[in-house]
Amino acid sequence: RNFLYGKRALRFIATSILAGTVLAAGSTFAANKTRLSIYQHGKPVAYMPCKSQTLKSRSAVLMGGGVDVPSAFTFMINEMAACADGSTGNPGNFVVVRAGGNPAYDSYINKQGTVGAVITIVVPDRDSAIAVGDPTNEVGQQVQALLRTAGAIWLTGGDQGDYYNFWKGTPVEQLISNQVQQYGIPIGGTSAGMMILSEYNYIPDVAYSSSYALSNPTFMQKWLKRDFWSSKDKTPFYLVSNTVTDSHFDT
C-alpha cells in the first residue's frame, strides 16, 4: 500500500515558543538562531518504533501550506509504529527539520498521537549542515543520532531555496534520505517543505513575477533543479520522482 496524504490546508502558525529545551554540547541553554540547535518536547528514545524493521508501508504527507491538518500528523504517528511483521512498535521520535524559526510544532504534533518525543532540529546555514558530519562537533553528533532514530520526519514551510542551498550534499540531506530509504519511515512537508520532497524544485535566485515568468520561459527553466536529493531515486519517497510538487497556485 502506498499512500500520499494530500489534504489541502493552511499552515499552523504559532506566536510563541512552546515548552521545550535546546540541547547542545550535552547541556541546556537558550536558543541561538544563527547556529545548529535542537529543541525537544518529551523524552527522546534511542531507538526507532519498530527497531531495525522496515515499516509495513511507505507513506508521505504533502501539505499545501497554511494552517496544518491535525489528522495528517496522527496518520504519520500511526504509520511510524506500523511494523512490517504486523506488530505495533513502541512510541518513537517525531523529528521536525527546519532552516530557521522556533519549535512551535513540537507541542502541536505531540497532541496528535502517542510519541516518545517531538524534536525540532534547526539547521540555519551550510556550515551548520556540514557540522552534523563532524565527529568533533557535539551538537552535530546529537543531530546525527536523532536523525538515525527518527520514526518520522517533517520539513516545515519557508523557502525551499534555503533547504537547497544549506543542506544539499551535506550529512543532513543524506541522513534524511537514508532514513526514509532504508526503513520506509513516513516523511512529510508543508509548502516549501513539500516542494523539496519532489525530484524537481523551483530554486530561483530572486523573486520573479508571474508575468515575467510567462514571458521568459526559457530563462526561468534554469531555476528548476533536480539534484537536491542524493538517493538513487532522486527523492526519499519514490512516488514523487520525476515530479514537481507545488501548492502555490492559490492563497
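This is a predicted model: local features need pLDDT of at least 70, side-chain atom pairs count only at pLDDT 80 or more; totals for chains, interfaces and linings use all residues.

Analyst: Let's start with β5 itself: six of its six residues are buried, so by the under-20% cut-off the strand is mostly covered. That goes for both faces, with R58, A60 and L62 buried on one side and S59, V61 and M63 buried on the other.

Now for its partner. β5 runs parallel to β9 (residues 187-190), and the two pair over four bridges. Look across from A60 and you'll find I187 of β9.

That I187 leads us on to I176, which touches it along with V97, L147, I153, L155 and W229, leaving aside sequence neighbours within four places. I176 is also one of the residues with the most contacts inside the largest nonpolar core, together with V97 and W167; this core has 41 residues. β5 (58-63) is among the elements that give two or more residues to it, as are β6 (93-98), β7 (117-122), β8 (150-155) and α6 (171-183). The largest share, five residues, comes from α6. There's a second, separate core too, with 18 residues, including F73, F94, I109 and V118.

For a bit of contrast, here's a charged contact elsewhere in the chain. D227 and K168 form a salt bridge through their side chains, at 3.4 Å from N to O. The two sit 59 residues apart, D227 in the segment after β11 (224-225) and K168 in the loop between α5 and α6. D227 is partly exposed at 34% relative accessible area, and K168 is partly exposed at 26%.

Definitions and conventions
Residues are numbered from 1 along each chain as its sequence is written. Side-chain values use heavy atoms; hydrogens and water are left out. A nonpolar core is a set of buried Ala, Val, Leu, Ile, Met, Phe, Trp, Tyr and Cys residues joined through side-chain atoms within 4.5 Å. Buried means under 20% relative accessible area, exposed over 50%, partly exposed in between (1.4 Å probe, protein chains only). Contact means heavy atoms within 4.5 Å. Two strands pair if DSSP finds at least two bridges between them. A salt bridge is a side-chain nitrogen of Lys or Arg within 4 Å of a carboxyl oxygen of Asp or Glu.
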